[in-house]
Amino acid sequence: MTIKFTNDHEWINTADAGAAVVGITPHAQDALGDVVFVDLPEVGKTFNQGEVAGVVESVKAAADLFMPVTGEVVEVNEALRADPSLANSDPTGAGWFFKVKVADASQFDALMDEPAYQDLLKTL
């Protein structure tokens, strides 16, 4: 599995660029606390890298979900919409947010790999 990370604590599984999977990291989930609502993007909508693609609301705060790469949303996690607690219990698995058809795979190069992301977490 090829997972990259953003400075904003999103992860993207780049194994399938035709439908790369996006979610929030365990660090983001821990910082937010219990997720109670997710506003997922519309299937078919295109976002540029860094644009707000959704919102995660918890008992503590609301946070924007940023698009890690430019692309078109091809699927959203309806199970997460129905049960936002999946983002708490399994943020890198069943708690994924959406899948994106990547417009420019070279944008993956600007994202962090796991060791670089762990280094970022040490600075927070």
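User: Two strands pair if DSSP finds at least two bridges between them; what counts as a strand or a helix here?
Analyst: Both are DSSP runs numbered from the N terminus, a strand being E with at least two residues and a helix being H or I with at least four. This is a predicted model, in which local features need pLDDT of at least 70 and side-chain atom pairs count only at pLDDT 80 or more, while totals for chains, interfaces and linings use all residues. Residues are numbered from 1 along each chain as its sequence is written, and side-chain values use heavy atoms, with hydrogens and water left out.

User: Which strands form the open sheet, and in what order?
Analyst: The order is β1-β2-β3-β9-β8-β5, six strands with antiparallel pairing. β1 (3-5) and β5 (46-47) each have a single partner strand, so one side of each has no neighbour in the sheet.

User: How many bridges join β1 to β2?
Analyst: Three bridges connect β1 with β2 (residues 10-13), and the two strands run antiparallel. Within this pair, Ile 3 lies opposite Asn 13 of β2.

User: And what does β6 pair with?
Analyst: β6 (residues 52-58) is joined to β4 (residues 35-39) by four bridges, in the antiparallel sense. Phe 37 has Glu 57 of β6 as its bridge partner. β6 also pairs with β7 (residues 62-66), again antiparallel, over five bridges. There, Val 56 stands opposite Ala 63 in β7.

User: Which residue does Lys 99 pair with?
Analyst: Lys 99 pairs with Glu 75, and their closest N and O atoms are 3.6 Å apart.

User: Is Lys 99 buried or exposed, or in between?
Analyst: Lys 99 is partly exposed, at 21% relative accessibility. Buried means under 20% relative accessible area and exposed over 50%, with partly exposed in between (1.4 Å probe, protein chains only). Glu 75 is likewise partly exposed, at 34%.

User: Where do the side chains of Glu 78 and Arg 81 lie?
Analyst: Both residues are in helix α2 (residues 78-82), three residues apart, which is about one turn of the helix.

User: What about Lys 122?
Analyst: Lys 122 forms a salt bridge with Asp 119, with closest N and O atoms 3.7 Å apart. The two lie in helix α4 (residues 114-122). Lys 122 counts as exposed at 68% relative accessibility, whereas Asp 119 is partly exposed at 44%.

User: Which residues have the most contacts inside the largest nonpolar core?
Analyst: They are Ile 12, Phe 97, Phe 98 and Val 100, in a core of 26 residues. Such a core is a set of buried Ala, Val, Leu, Ile, Met, Phe, Trp, Tyr and Cys residues joined through side-chain atoms within 4.5 Å. Among the elements supplying at least two residues each are β3 (20-24), α1 (26-32) and α3 (86-89).

User: What does Ile 12 touch?
Analyst: Counting contacts as heavy atoms within 4.5 Å, and leaving out residues up to four places away in sequence, its partners include Ile 3, Val 22, Val 100 and Leu 111.

Note on methods
Pairing = 2+ DSSP bridges. Salt bridge = Lys/Arg side-chain N within 4 Å of Asp/Glu carboxyl O.
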